[in-house]
Amino acid sequence: VPPYLLFPSLPLVGLLMIFQTLRHAFRFRGILGSAVFFTVNAYPALIGIILRQLHIVSRVYYWVWDYYPVRSPSVPLRMIRYAYLAFDLVALRLADKLIFPNHRQLLLRQKLHGIRGNYPIIPLGGGKPIRYHKSVSNILGFLGMLKSSQGLDLVLSCFDQLLLRNPNICLEIVGSGPEEEYMRKKAKKYGTKVKFYGFVENQNRLNRIARRWFAGLALYEPIAGNESYFGDPSKIKVYLSQGVPIITTNVTEYGRLAEKYQFGKLIRYNPRMLNAAIQHLHHKQLSYRAHALSYAQKFYYRDLYQTLFK
């Protein structure tokens with residue numbers, strides 16, 4: 001919808017989602033005799049708990065993906081995030097099964113809400129890794145939400161410097177978000193050197209685009225309010241499954257892992273280190289690509305998710 005209709009349309013979107021949820025719940029009950037409500041977010045978890053009380057679903061599984069730090073200069077945003085924590089507490093206490101994507105999320109919930117017990121740790125999965133192919137590229141890639149905390153703003157701010165040292169490189173950007181128009185205006189002076197695809201829904205097309213890149217950007221900004229500290233970044237799984245080494249910051253655990261297993265470069269959030277990492281990966285594409293594909297094997301979702309519903 002147009003931006004001015006975004007917030008007015010939210011109640012209609014919510015009603016549509018509830019209608020779809022009920023339709024599928026009754027459909028699965030008709031096929032299987034029961035339905036499991038599965039969610040990765042605290043708000044819909046409450047819907048599942050209500051449906052369980054009404055005997056429309058049999059169990060509620062809460063895979064705890066999200067945490068939104070309450071520190072923010074915006075008072076309304078802080079209130080929304082405090083409200084999310086309240087929903088999260090109820091969901092953690094009343095869900096039938098809890099799953100966590102990493103130990104950070106589990107330790108955080110133990111500290112915030114005092115939950116106890118052993119819970120499965122199952123990270124986000126990725127697609128089946130492609131077969132290794134000996135190809136080189138001059139394309140740098142970004143996949144994800146277009147907002148400043150994702151690091152794309154840093155890249156566009158210093159792209160002049162990157163082109164001085166690497167005149168042949170191009171930047172491709174897949175995704176949309178609240179700062180998309182700002183990013184497009186900032187990139188306009190670079191002409192065809194920067195290409196925006198917008199949101200790509202088809203996963204096969206997304207994979208075909210990504211596998212052409214020599215490096216994938218995951219430059220999470222190291223600020224206190226960045227929710228990526230506790231998340232499990234799906235973009236990195238896409239990069240690795242397509243044999244794309246990563247350039248990332250020390251926000252998620254994948255920075256440390258990239259250095260250890262040689263599938264990418266861990267940098268500080270500054271242009272000089274970004275430039276050095278790009279040059280390094282550009283000249284050693286094939287070896288880093290092989291390491292990325294090797295590490296991606298552990299995230300193939302068909303293998304990883306076998307234990308999710310046991």
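# Pockets and Aromatic Contacts

Helix H9 gives the most to the lining of the largest pocket, with five residues. The structure is a predicted model, in which local features need pLDDT of at least 70 and side-chain atom pairs count only at pLDDT 80 or more, while totals for chains, interfaces and linings use all residues. Residues are numbered from 1 along each chain as its sequence is written, and side-chain values use heavy atoms, with hydrogens and water left out. Helices (H or I, at least four residues) and strands (E, at least two) are DSSP runs numbered from the N terminus.

**The largest pocket**

- The largest pocket holds about 1300 Å³ of space; a volume is the space filled by probe spheres set on grid points, which are joined across faces, edges and corners.
- A pocket is an open set of points on a 1 Å grid over the protein atoms alone, where a 1.4 Å probe fits, with protein on both sides within 12 Å along at least five of seven lines; lining residues have an atom within 4 Å of a point.
- The lining comprises 42 residues, and Trp65, Asp66, Met145, Gln150 and Ser234 lie nearest the centre of this pocket.
- At least two lining residues come from each of helix H8 (203–210) and helix H9 (234–241).
- Sorted by class, the lining of the largest pocket has 18 nonpolar, 17 polar and seven charged residues (nonpolar: Ala, Val, Leu, Ile, Met, Phe, Trp, Tyr, Cys and Pro; charged: Asp, Glu, Lys and Arg; polar: the others, Gly among them).

**The second largest pocket**

- The volume of the second largest pocket is about 990 Å³.
- This second pocket is lined by 23 residues, of which Leu10, Met17, Asn41, Tyr43 and Pro44 are the closest to its centre.
- Four elements each supply at least two residues of this lining: helix H1 (10–32), strand E1 (36–39), helix H2 (42–53) and helix H3 (75–94).
- H1 gives the most to the lining of the second largest pocket, with seven residues.
- The classes in this lining are 16 nonpolar, six polar and one charged.

**Helix H1 and its end**

- The 23 residues of H1 should span 33 Å at 1.5 Å a residue, and the end C-alpha atoms of H1 are 32 Å apart, which agrees; the expected span is 1.5 Å times one less than the number of residues.
- Gly33 follows H1 and has a positive phi, near 95°.

**Aromatic rings**

- The structure holds 16 aromatic pairs (rings of Phe, Tyr and Trp, the last by its six-membered ring, with centres within 6.5 Å; planes under 30 degrees apart count as stacked, over 60 as edge-to-face and the rest as tilted).
- Trp63 and Trp65 form an edge-to-face pair, 5.4 Å centre to centre with 65° between the planes.
- Trp63 is buried, with a relative accessible area of 3%, whereas Trp65 is partly exposed at 29% (buried is under 20% relative accessible area, exposed over 50% and partly exposed in between, with a 1.4 Å probe and protein chains only).
- Phe263 and Tyr295 form a stacked pair, with 4.6 Å between the centres and 25° between the planes.
- This pair links distant parts of the chain, 32 residues apart: Phe263 is in the loop between helix H10 (254–261) and strand E9 (264–266), and Tyr295 is in helix H12 (residues 285–296).
- Both Phe263 and Tyr295 are buried.
- One aromatic cluster is formed by Phe38, Trp63, Trp65, Tyr300, Tyr301 and Tyr305.

**Charges over rings**

- The charged end of Arg27 sits over the ring of Phe28, 4.8 Å from the ring centre (NZ of Lys or CZ of Arg must be within 6 Å of the ring centre and within 35 degrees of the ring normal).
- Lys237 likewise has its charged end over the ring of Phe299, 4.3 Å from the ring centre.

**Positive phi outside glycine**

- His55, a residue other than glycine, has a positive phi near 60°.
- His55 lies in the loop between H2 and strand E2 (59–63) and is exposed, with a relative accessible area of 64%.
- Gln262 also has a positive phi near 60° and is not a glycine.
- Gln262 is found in the loop between H10 and E9 and is partly exposed, at 34% relative accessible area.

**Residues apart in sequence**

- Cys170, in strand E5 (residues 170–174), is partly exposed at 21% relative accessibility.
- His282, in helix H11 (residues 271–283), is partly exposed at 22% relative accessible area.
- His282 and Leu140 are 142 residues apart along the chain, and their C-alpha atoms are separated by 9.1 Å.
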